[in-house]
Amino acid sequence: FDGIDSNGEAIQERFLTADMTINCDTIPFVMKFYAWLMVICFPIGVPALFFVLLYNRCEEIEGRETRLGGPELDTLSFFFRLYTPGRRRMSIYDLIRRLALSALLISFDSLADQII
């Protein structure tokens, strides 16, 4: 939206669409820092956390008798139950693939291109 400063000159102001009282040019540093932290944390930190969880239990996962493993692997079985014992890391690769495909949508300018 165009506004007028104290000297009478036109200025460009940006407001949040959901709440027109919030000026987007005055977002606190803490919020910007948090946003960038999450941009880094989610695509790098979540796959790394999954890898660490699976790596710590890799011998039990490789030695399982069934796809789900025993009761000691109940909390982690959703990572590997779809894959054979030699493919325990496929869930991490699949997560990275999904993140990459989602991030690819950002490169398109129009919403119609993103939908197609």
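Visitor: Which helix gives the most to the lining of the largest pocket?

Guide: This is a predicted model, and a lining is read by listing the residues around the space. In this chain, H4 gives the most to the lining of the largest pocket, with four residues. Helix H3 (77-80) also takes part: H3 and H4 each supply at least two residues of that lining.

Visitor: Which residues line the largest pocket?

Guide: Phe50, Phe78, Phe79, Leu82, Tyr83, Ser91, Asp94, Leu95 and Arg98 do. The space in this pocket comes to about 190 Å³.

Visitor: Let us step back. How many helices and strands does the chain have?

Guide: It has five helices and two strands. The run is β-β-α-α-α-α-α.

Visitor: Which residues of H4 are buried?

Guide: Ser91, Ile92, Asp94, Leu95 and Leu99 are the buried ones.

Visitor: Now a single residue. Is isoleucine 44 buried or exposed?

Guide: Exposed means over 50% relative accessible area. Isoleucine 44 has 58% relative accessibility, so it counts as exposed. Its place is in helix H1, residues 29-56.

Visitor: How far is isoleucine 44 from isoleucine 96?

Guide: Read two distances, one in sequence and one in space. Isoleucine 44 and isoleucine 96 are 52 residues apart in sequence. In space they are 9.0 Å apart, C-alpha to C-alpha.

Visitor: Where is aspartate 25?

Guide: Aspartate 25 is in the loop between strand S2 (10-12) and H1. It is partly exposed, with a relative accessible area of 42%. Aspartate 25 and glutamate 13 are twelve residues apart in sequence and 7.6 Å apart in space, C-alpha to C-alpha.

Visitor: And the whole chain: what share of its residues is buried?

Guide: Of its 116 residues, 17% count as buried. The chain exposes about 9300 Å², and carbon and sulfur atoms supply 65% of that area.

Visitor: What share of contacts joins residues 24 or more positions apart?

Guide: Such pairs account for 30% of the contacts with a separation of 6 or more.

Conventions. Residues are numbered from 1 along each chain as its sequence is written. This is a predicted model: local features need pLDDT of at least 70, side-chain atom pairs count only at pLDDT 80 or more; totals for chains, interfaces and linings use all residues. Side-chain values use heavy atoms; hydrogens and water are left out. Buried means under 20% relative accessible area, exposed over 50%, partly exposed in between (1.4 Å probe, protein chains only). Contact means heavy atoms within 4.5 Å. Accessible areas come from the Shrake-Rupley method with a 1.4 Å probe; for residues, only the protein chains shown count as cover. On a 1 Å grid over the protein atoms alone, a cavity is a set of points where a 1.4 Å probe fits but cannot get out, and a pocket is an open set with protein on both sides within 12 Å along at least five of seven lines; lining residues have an atom within 4 Å of a point. Grid points are joined across faces, edges and corners, and a volume is the space filled by probe spheres set on the points.
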